[in-house]
Amino acid sequence: MSQTAASGQEPAFIEVGEGSGARRIAVRARAGAAPGGAIGAPGLFWLGGFKSDMTGTKAIALDAWAAEHGRGSVRFDYSGHGESAGDFADGTIGRWLEESVAVFSQFCSGPQVVIGSSMGGWMALLLAREIAKRGNAGGSGRAWLAGLVLIAPAPDFTEELMWKAFPPEIRAEIETKGLWLRPSDYGDGSPYPITRNLIEEGRNHLLLGSKIDVGCPVRILQGAQDPDVPWKHAFALVHRLPAEDVVLTMIQDGDHRLSRPQDIARIIAAVAEIG
């Protein structure tokens, strides 16, 4: 399948949440064709970044690779992102995690390689914890983790990379007005809201203060020139992961996006290495 064909797939929609908190989530899912030796190969589950969507370069390239190799592929947009309903300003880590768990549970079965980019790296780690609570073992109709591939992962970013890094005047604006409009170099360049609720609710999901046991292999790709998620953040994460089967690849000239052809080739190689 070409990248154009992969990106042209129409989404399905599911409802997540109840009452006034319900939102319509757009999902693109393909079952694996399993030709030849691909039988039993893990599917791919994509978790995008903060203010990104499932039609980005990396998501499309991974979906196309999965199709060419007979693998299943699932990607979706968080509420307030892309084709999903909801207001971005209503988003929180817990809200987006609930959506991630719902999509994984409804659309995935068998082994999965979960690929998380930036905020999606945090989501992947939180998803792994949720899966561990119910037992990371296979069963009829159930999905489990074959491994994690984390691209410029940003666990705890609301606290470590936002709140602690903000100058006093920005903190004061968030506390008094409830939000601050942050300038952006991505997308159409429009500023986006950083809300007090995002910061405060994010504290319920912090991971870097203790050991993170994901129960599967982990591959991390980090750009040394990343202005948004410093390479030291990746090192802090590695120190919290088990010593066995965790590999950090530092890309000396890589930025935050890691969307160049050579970067995507490394991401795909990491996925293929897991299985």
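1. Basis. Residues are numbered from 1 along each chain as its sequence is written, and side-chain values use heavy atoms, with hydrogens and water left out. Because the model is predicted, local features need pLDDT of at least 70 and side-chain atom pairs count only at pLDDT 80 or more, while totals for chains, interfaces and linings use all residues.

2. Length of helix H9. Helices (H or I, at least four residues) and strands (E, at least two) are DSSP runs, numbered from the N terminus. H9 covers residues 261-274, which is 14 residues. The expected span is 1.5 Å times one less than the number of residues. For H9 this gives 20 Å, and the end C-alpha atoms are 20 Å apart, so the two agree.

3. Asp263, Ile264, Ile267, Ile268, Ala270, Val271 and Ile274 are buried (under 20% relative accessible area; exposed is over 50% and partly exposed is in between, with a 1.4 Å probe and protein chains only). These residues cover an arc of only 155 degrees around the axis, which puts them on the same side of H9; the arc is that of the directions from the helix axis to the C-beta atoms. An α-helix has 3.6 residues a turn, so residues three or four places apart point the same way. Pro261 and Glu273, on the other side of H9, are exposed.

4. Neighbours of H9. After H9 comes Gly275, with a positive phi near 150 degrees.

5. Aromatic rings. The whole structure holds 13 aromatic pairs (ring centres of Phe, Tyr and Trp, the last by its six-membered ring, within 6.5 Å). One aromatic cluster includes Phe45, Phe50, Phe88, Trp96 and Trp122.

6. Charges over rings. The charged end of Lys51 sits over the ring of Phe88, 4.8 Å from its centre. Arg24 lies over the face of Phe13, 3.8 Å from the ring centre. The criterion is NZ of Lys or CZ of Arg within 6 Å of the ring centre and within 35 degrees of the ring normal.

7. Positive phi. Most residues other than glycine have a negative phi. Asp245, in the loop between helix H8 (231-240) and E10, has a positive phi of about 55 degrees. At 39% relative accessibility, Asp245 counts as partly exposed. Leu258 has a positive phi of about 45 degrees and lies in the loop between E10 and H9. At 1% relative accessibility, Leu258 counts as buried.

Definitions and conventions. Phe/Tyr/Trp six-rings, centres within 6.5 Å; stacked < 30°, edge-to-face > 60°.
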